[in-house]
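Definitions are given once, where each term comes up.

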Amino acid sequence: MRAFEFPAFLKLQNLRPWWLKMAVLVLIGYPLFSNRPAAFIASAMGQCLPETLGALLVWPLITFFIWACCLPSLGTAKLLDYLAAAYAMAVTTTLSGAALRGLLPAIFLSDPVADNLRLMRVYFNILAVFPYSLTFVNSFSVSDLMARLTKTRGKFRGAGLHLALALRICQHVGEVIPKLLLVWREENPELLLPRCRDDWQGISPLARWPMWVVLSISQWIFACIILTFEPIPVMVNEIEQIDESGDSDDPDKV
Amino acid sequence: MNYAEKKINVFAFDTYEGLVDHFVQSTGIFFPKMAAGRSEFFRAFSQWLNRSTQSRSRAVITPDPAQGLALPNALQILTSALNQSRKNAGTAEASELLEKYGLTPKILTQPVNTLSGGELLLLNFAKAEAQCSHVKGLAACNPVFWLSPARHKFWLNLCDSYEAADKNVEALVLRGDHLDSSSRSDKFSSVDALSVNLLIDSPLVNFLEIQFPVFHAASKLLYSWVSETDEVFSPFLITGDNGVGKSIFARLLAGILPISSGRAAIMNPDDKRTVRLLFQEAITQLFAMSPFEYLGKAFSASIALFNEATGLFRELMQSIYSDKLSGDTRNWNSLLAGKACLIAARLAEKPALILLDEPGWGLSRHDAGMLVFHTCRLAHQRETGVGIISHQPEWHDFARSNLKLKKIAPEQVEISHARL
């Protein structure tokens, strides 16, 4: 099945040299690091729209902008995969945030409108940050970086190797999740319900599903952490091998 | 194949844990024992973080071949290994290496985590060959386990390369492996056959194109059943060459891979009975928990099934250890215990069929035989069929049917059935 393909020049991973790629990616993500673009767009929209509406629309607009920038690189199928995970995370975070605000009003003393706007902003931020950060991390090739470092000497070599390792670990998180998803599907074919739930009849529907979800989330968190950490020693070994091979080739080494 | 002629130092171990300990000691690379649970993992990992640095100049094939491949695809893995000896390698050199080890260059851009066990091992061989000129030697764990017998020659080719470069090769294997010349050729006990009806109606799987981070073309796989009868006899064997699509077929039967057209299922009057699968990399199915932690979580909403699964787990372990020649030194957090626990959890649910993908991986020949024999015994008592996916020839004497998968076209696999 041949998917629609965007022109190669629109794909961020094809940008060369690396610093131009980095600059373009930082520029795309700038609205996520700073409030200035959002404030500027909101004030521009405020001139033709009511003030609250401008503040409401600015975050969906920024999110759509980031998706549009990531889409040619990721392709439709991958973007939808990332968005599925991002939606799950965004809905969980905002719903639990709203529930906490309802349960502990003393801690969250503020204007309800501002509170709702803040939650909405968090929701759209998660939807934008998730695909953006995965695009950012995967746009750089660790093997290219390692190949470049094997030919270099000096103080940047060690720092570069550490950077390569950090980048690879971040990339590896994205590889662990599909692996765990397959295992999870075998264990719980309905994904959001446990396979074996004979004892659920005796428990209130309000308690049983949330309890299982909390248990599952903790399982996922630990499994993701452990499976991400698991190959680090082997990665470190490879990086150290490159470092050692460079040292042994260095004619100045005493 | 005469392995004795090769200058390989072979170390044979009774348990996976013993093999891992030796690997860690010999290479200095920390390798976690995942069946020991979370706290043990974090303890060992923090110990590794505080270790003193030592020389790393050996190529390695780790106890789990996937772990030794630290980059996302074959192209990056091989070019990175070749570039360490200043070869300025590219796609052509990487393709050449893959072909030398019986792999198609089509897998160059395929994500490593979608390769089969045999392909992973052969990719490890290609990588070790690329590293040969700049390392002092090779330490390889279970180097032929995942390979079909016709591909064992690639291991010998790799040894030849290291021998020619005057570098030593160390092979760590489990007792009873092809490389272990000291092992006994014990036969497995057999079980009575159980009839199972499969419904294989030209299932087609589509693998979508990957555009990011590296382009990989779309592909598909069509299975065709060429036997006159649908009836097979449990325990049945699923065999075929490396990369033919055995594990994919098992995933189709278990319903965890979507089928684009056709059907792959088991015919059973009670539709509620399912097909369960024990993966090749079964240890991942513990979800980073120890066996008892896993049982607690898997059956958190069903106390009756928890009790049933715990009972089966204990019975399996008891049966395996009562046959052990070395006496009862049972380790409840070993890979063997992890596999027994996963099987027990699946059997407790009384599925129509349980599929064991390379059940002998990480186990000595004796333990693997005991585990599968007692699994079949318990499964047949529950009217559950057992399918074994493996290259190991010893299962031929044990199984009652053989499903042989053969590629008849690049995207078409034929399944033939023979009664054993």
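What distance separates the centres of domain 1 of chain B and domain 2 of chain B? Taken over C-alpha atoms, 26 Å separate these centres.

## Basis of the model

This is a predicted model: local features need pLDDT of at least 70, side-chain atom pairs count only at pLDDT 80 or more, and totals for chains, interfaces and linings use all residues. Residues are numbered from 1 along each chain as its sequence is written, while chains are lettered from A and ligands numbered from 1 in the order in which they are written.

## Chain B overall

Chain B has 12 helices and 14 strands. Helices (H or I, at least four residues) and strands (E, at least two) are DSSP runs, numbered from the N terminus. The radius of gyration of chain B is 21 Å, close to the 22 Å that the globule rule gives for 420 residues, so chain B is as compact as a globular protein of that length. That radius is taken over C-alpha atoms, and the globule rule is 2.2 Å times the number of residues to the power 0.38. The C-alpha trace of chain B spans about 65 × 50 × 40 Å along its principal axes.

Of the 420 residues of chain B, 54% count as buried. A residue is buried if 20 or more other C-beta atoms lie within 10 Å of its own, exposed if 12 or fewer, and partly exposed in between; C-beta atoms are placed from the backbone. Among contacts in chain B with a separation of 6 or more, 76% involve residues 24 or more positions apart. Contact means that the C-beta atoms of two residues, placed from the backbone, lie within 7 Å.

## Domains of chain B

Chain B is divided into domain 1 (3-174) and domain 2 (194-419). Domain bounds come from an automatic or database domain assignment. The contact takes 25 residues from domain 1 of chain B and 30 residues from domain 2 of chain B. On the domain 1 side, α1 (16-27), α2 and α5 (117-131) of chain B each give two or more residues. α5(B) gives the most, with 3 residues. By class, this side has 10 nonpolar, 9 polar and 6 charged residues. Ala, Val, Leu, Ile, Met, Phe, Trp, Tyr, Cys and Pro count as nonpolar, Asp, Glu, Lys and Arg as charged, and the others, Gly among them, as polar.

## Chain A

Chain A has 9 helices and 0 strands. Its radius of gyration is 23 Å, well over the 18 Å that the globule rule gives for 254 residues, so chain A is more spread out than a compact globule. The C-alpha trace of chain A spans about 70 × 60 × 50 Å along its principal axes. Buried residues make up 25% of the 254 residues in chain A.

Helix α4 (residues 76-103) of chain A has 28 residues. From first C-alpha to last, α4(A) reaches 40 Å, close to the 40 Å expected at 1.5 Å a residue. The expected span is 1.5 Å times one less than the number of residues. A:K78, A:L79, A:Y82, A:A86 and A:A90 are buried in α4(A). Their cover includes α3 (51-74) and α5 (112-138) of chain A.

## Interface and cores

48 residues of chain B are in contact with 54 residues of chain A. On the chain B side, α2 (38-49), α3 (74-83), α8 (291-298) and α9 (303-322) each give two or more residues. By class, that side has 24 nonpolar, 19 polar and 5 charged residues.

The largest nonpolar core has 159 residues. Such a core is a set of buried Ala, Val, Leu, Ile, Met, Phe, Trp, Tyr and Cys residues joined through C-beta atoms within 7 Å. B:A309 is among the members that touch the most other members. Helix α10 (residues 335-348) of chain B gives the largest share of this core, 11 residues. A second, separate core of 21 residues includes A:W59, A:I62, A:C70 and B:I210.

## Backbone details

The peptide bond from A:R16 to A:P17 is cis, with omega near -5 degrees. A:P17 is found in the segment before α1 (18-33) of chain A. A cis peptide bond also joins B:S234 and B:P235, with omega about 0 degrees. B:P235 is found in the loop between β7 (231-234) and β8 (236-240) of chain B.

B:A288 is not a glycine, yet its phi is positive, near 60 degrees. B:A288 counts as buried because it has 25 C-beta neighbours inside 10 Å. B:E358 has a positive phi of about 45 degrees, although it is not a glycine. B:E358 counts as buried, with 24 C-beta neighbours inside 10 Å.
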